[in-house]
Amino acid sequence: MEIRTLLILGASGDLTGRLLLPGLGKLIAQGRTQGLSLVGAGSDDWDQDRWRERVDEAFGSCTEGANDAGLRELRKVQENTEYHMVDVTAEGALAELLGSVKGPAAVYFALPPAVSQQACEVLKPEDVPEGTRLVMEKPFGSSLVSAASLNGTLLRLVPEDHIHRVDHFLGKATVFNILGLRFANRLLEPLFSNEHVQKVEIFYDESLALEGRARYYDKAGALRDMIQSHLLQIMALMALNAPATLHERDLRDHIGSVLRASSVKPDFAKSTRRARYTAGEVDGRKIPDYVAEEGIDPARNTETLAEIEVSINNSRWTGVPFILRSGKALGKKQKEAIVTFKPVNHLPTGFKGVDAPTRLRIGFGPDTLRLEIDVNGPGDIFTLDREVMETNLHSADLLPYGEVLDGILTSDPMLSVRGDIAEDCWRIVEPVLKAWEANEVPLEEYAAGSSGPAGWETSRDDTPMRTVDAEA
């Protein structure tokens, strides 16, 4: 069922202007959707001209590479879009708006989680026209209890396959690059198990600091913001068994199976780490101490770098640590999964030089593949040297939110987070959060622009020594 109207709640907010509208514009310009109506709604008292200015500005950068049909559709959406000032938490207000738009509609809640919850609670099932899709932004709840409560509220209104819990990190390119690499290559598929893998590390280290998001980030922190809502999903893709098909139920059932088997060992002082940045310099920019940033409450002890070790308790992965790390204001941007294989059982006596484990590195944005192996180096044929084979993986022709919207507008929930999966992500991290709140794990420090606390093994500098041009 193709969506006829995209209704954005929170249309005057930052998320809409910075991410949603540019993503939508590129999607339309490429001719991927036709006959779509765009309706914005927000609490700000905007007139139609101001809303159209916002849309025009966002769409203006989307025309490059567009075909004629896409440009015509883009202009049509710009000319016909409309804005409504609405308090979506008021009784009957959102229901009236839903009844006025052309259906079936996708309702995108680009709102704070608490406001989204209130807006859904005032809706009755009869207020929601048949075929309506409800699109929820992360974080999905703030705890296991709140996520379960929100799930119950949404399921009272529409079926599960009409709910899209957005994880823009799970773009189609990233998901299918991982699945294709794992399951289309006999060389790799049998090796992804505890028989051959020593550890799996998933990094999302950013050079960005708060960038004006103190109000949200200081209440969330790195564990909630990235690991709970994004990296656990990537971990599941790295660890799942091969689904029978790429149908959404098959794929999401397998993701759910991995997460249900996952937990963090309760000795949290050993299985988790947290830290916060102090003043420093990143890419020539002076970064103030985190607690000196405007809007920060030092008493919260919010972490800006988090690391957890997850155990997947099934026959394929028991005994293999999955180490998930994400942080801000770091000197090196590192966005990748690293699979470290176990050493060979026996290296014949006589070889010398480098003897390091084989590693496979899958980069996220740009999507890349690196295989680090030991080979006979130049000169002495008995000396092993490290070589890196590198290639580029498929890169998306859409912006991340364009990929999200593509699935929503074609009513494909495959890359949305299913309700039970969202709850399991909270179940995995909640014991860690409680331990941190009780100060069972020390809050360490690292200078902005560094690689993190020096004592952390994941703060190592292990960039491959040499890379081979993929086109060479």
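This tour visits a charged surface patch and several salt bridges in a predicted model.

Begin by selecting Asp-44, Asp-45, Asp-47, Asp-49, Glu-53, Asp-56 and Glu-57, which form a surface patch of negative charge. Within this group, centre the view on Asp-49, a residue of helix 2 (residues 48-59). Asp-49 counts as exposed because its relative accessibility is 53%.

Turn next to the salt bridges, of which the whole structure contains 32. Select Arg-300 and Asp-218; their closest N and O atoms are 2.8 Å apart, and the two residues form a salt bridge. Arg-300 belongs to the loop between strand 11 (285-287) and strand 12 (305-312), while Asp-218 belongs to helix 8 (residues 214-239), so this pair ties together parts 82 residues apart in sequence. Arg-300 is partly exposed, at 40% relative accessibility, whereas Asp-218 is buried, with a relative accessible area of 2%.

Proceed to Arg-361 and Glu-372, a salt bridge whose closest N and O atoms are 2.7 Å apart. Arg-361 is in strand 16 (residues 359-363) and Glu-372 in strand 17 (residues 368-376), so the pair ties together parts 11 residues apart in sequence. Arg-361 is buried, with a relative accessible area of 3%, and Glu-372 is buried, also with 3%.

Finally, select Arg-427 and Asp-424, which form a salt bridge with closest N and O atoms 2.6 Å apart. Both residues lie in helix 12 (residues 419-437), 3 residues apart, or about one turn of the helix. Arg-427 is partly exposed, at 30% relative accessibility; Asp-424 is buried, with a relative accessible area of 12%.

Notes:
Residues numbered from 1 in each chain as written. Predicted model: local features only at pLDDT ≥ 70, side-chain atom pairs only at ≥ 80, totals over all residues. Heavy atoms only, no water. Patch = residues over 30% accessible without salt bridge, like charges linked within 9 Å, V, L, I, M, F, W, Y side chains within 5 Å. Areas by Shrake-Rupley, 256 points an atom, 1.4 Å probe, with all protein chains shown as cover. Salt bridge = Lys/Arg side-chain N within 4 Å of Asp/Glu carboxyl O. Lys, Arg positive; Asp, Glu negative; His and termini not counted. Charge placed at Lys NZ, Arg CZ, Asp CG, Glu CD. Helix = DSSP H or I, 4+ residues; strand = E, 2+ residues; numbered from the N terminus. Buried < 20%, exposed > 50% of the residue type's maximum accessible area, 1.4 Å probe, protein only.
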